[in-house]
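Dear colleague,

Please find below the structure that I am handing over to you, with its sequence. My notes on it follow directly after.

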Amino acid sequence: HLDLAGFEIDVATPSGDPVKLEMWAFPHEDEAVKATYEKYRSQLKQPKKLTEVVKDLDGGNYLGVFIPGGHGVLNDIPFSEEVKKTLHWAHDHDRYVISLCHGPAGLLAAGIGESKADFLYRGYEMCVFPDSLDTGANIDI
């Protein structure tokens with residue numbers, strides 16, 4: 001949706017390693033999704049390293065941060081200093097932070113080294129879904 005709205009998208013991972021997709025959830029019959037995947041395939045295979053993006057946040061003309069879902073986000077993202085810097089930058093510059101599925105786990109990075117009282121998202125509300133929804137009939141949906 002962001003791409004179709006005309007936004008340019010930079011793909012970055014903390015390590016600079018390729019993005020891992022859960023292909024069991026990929027909507028293979030959705031032509032718009034397939035076309036978007038093809039458009040960004042090279043960035044997904046060779047993303048920027050997040051430290052490069054963090055160095056250029058102010059100069060990069062970024063409007064927001066998108067943390068996608070999938071179980072991979074549970075690995076390094078919540079423990080990444082670069083993700084913390086990115087989230088604090090977005091908050092301090094009134095930028096959007098968008099996340100879905102398991103992506104909100106990445107918001108935990110904002111609290112690295114912070115007290116509970118100083119957590120960036122203290123007092124915010126979110127709606128998330130548990131892992132239990134990734135079983136049974138929901139896989140077929």
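Phe 119, Tyr 121 and Tyr 124 are linked into a cluster by ring pairs. Rings of Phe, Tyr and Trp (its six-membered ring) are taken to pair if their centres lie within 6.5 Å, and planes under 30 degrees apart count as stacked, over 60 as edge-to-face and the rest as tilted. By this rule there are 3 aromatic pairs. One of them joins Phe 119 and Tyr 121, edge-to-face, at 5.9 Å centre to centre with 70° between the planes. Tyr 121 also forms an edge-to-face pair with Tyr 124, at 5.3 Å centre to centre and 90° between the planes. As to cover, buried means under 20% relative accessible area, exposed over 50% and partly exposed in between, with a 1.4 Å probe and protein chains only. Tyr 121 is buried because its relative accessible area is 12%. Phe 119, at 25%, is partly exposed, and Tyr 124, at 52%, is exposed.

Please note that this is a predicted model, in which local features need pLDDT of at least 70 and side-chain atom pairs count only at pLDDT 80 or more, while totals for chains, interfaces and linings use all residues. Residues are numbered from 1 along each chain as its sequence is written, and side-chain values use heavy atoms, with hydrogens and water left out.

Helices (H or I, at least four residues) and strands (E, at least two) are DSSP runs, numbered from the N terminus. Helix 3 covers residues 81-92, and its 12 residues should span 16 Å at 1.5 Å a residue, which agrees with the 16 Å between its end C-alpha atoms. The expected span is 1.5 Å times one less than the number of residues. Which residues of helix 3 are buried? They are Val 83, Lys 84, Thr 86, Leu 87, Trp 89 and Ala 90. Their cover includes helix 2 (50-55), strand 3 (64-67) and strand 4 (96-99), where contact means heavy atoms within 4.5 Å.

The charged pairs come next. Side chains of opposite charge can pair when their charged atoms come close. A salt bridge here is a side-chain nitrogen of Lys or Arg within 4 Å of a carboxyl oxygen of Asp or Glu, and the whole structure holds 5 salt bridges. Among them are the following:

- Glu 114 and Lys 84 meet at 2.8 Å, N to O. This pair links distant parts of the chain, 30 residues apart: Glu 114 lies in the loop between strand 4 and helix 4 (137-140), and Lys 84 in helix 3. Lys 84 counts as buried because its relative accessibility is 13%, whereas Glu 114, at 31%, is partly exposed.
- Asp 10 and Lys 48 have their closest N and O atoms 3.3 Å apart. They too link distant parts of the chain, with Asp 10 in the segment before strand 1 and Lys 48 in strand 2 (residues 48-49), 38 residues apart.
- Arg 41 and Glu 38 have their closest N and O atoms 2.6 Å apart. Both lie in helix 1 (residues 31-45), and because they are 3 residues apart, about one helical turn separates them.

Finally, there is a nonpolar patch on the surface, formed by Leu 2, Phe 7, Leu 63, Phe 66, Tyr 96, Ile 98 and Leu 100, with about 680 Å² of accessible area together. Patches are made of residues with over 30% relative accessible area and no salt bridge, like charges being joined within 9 Å and nonpolar side chains (Val, Leu, Ile, Met, Phe, Trp, Tyr) within 5 Å. Accessible areas come from the Shrake-Rupley method with a 1.4 Å probe, and for residues only the protein chains shown count as cover. Leu 2, in the segment before strand 1 (12-13), is partly exposed at 36% relative accessibility.

With kind regards
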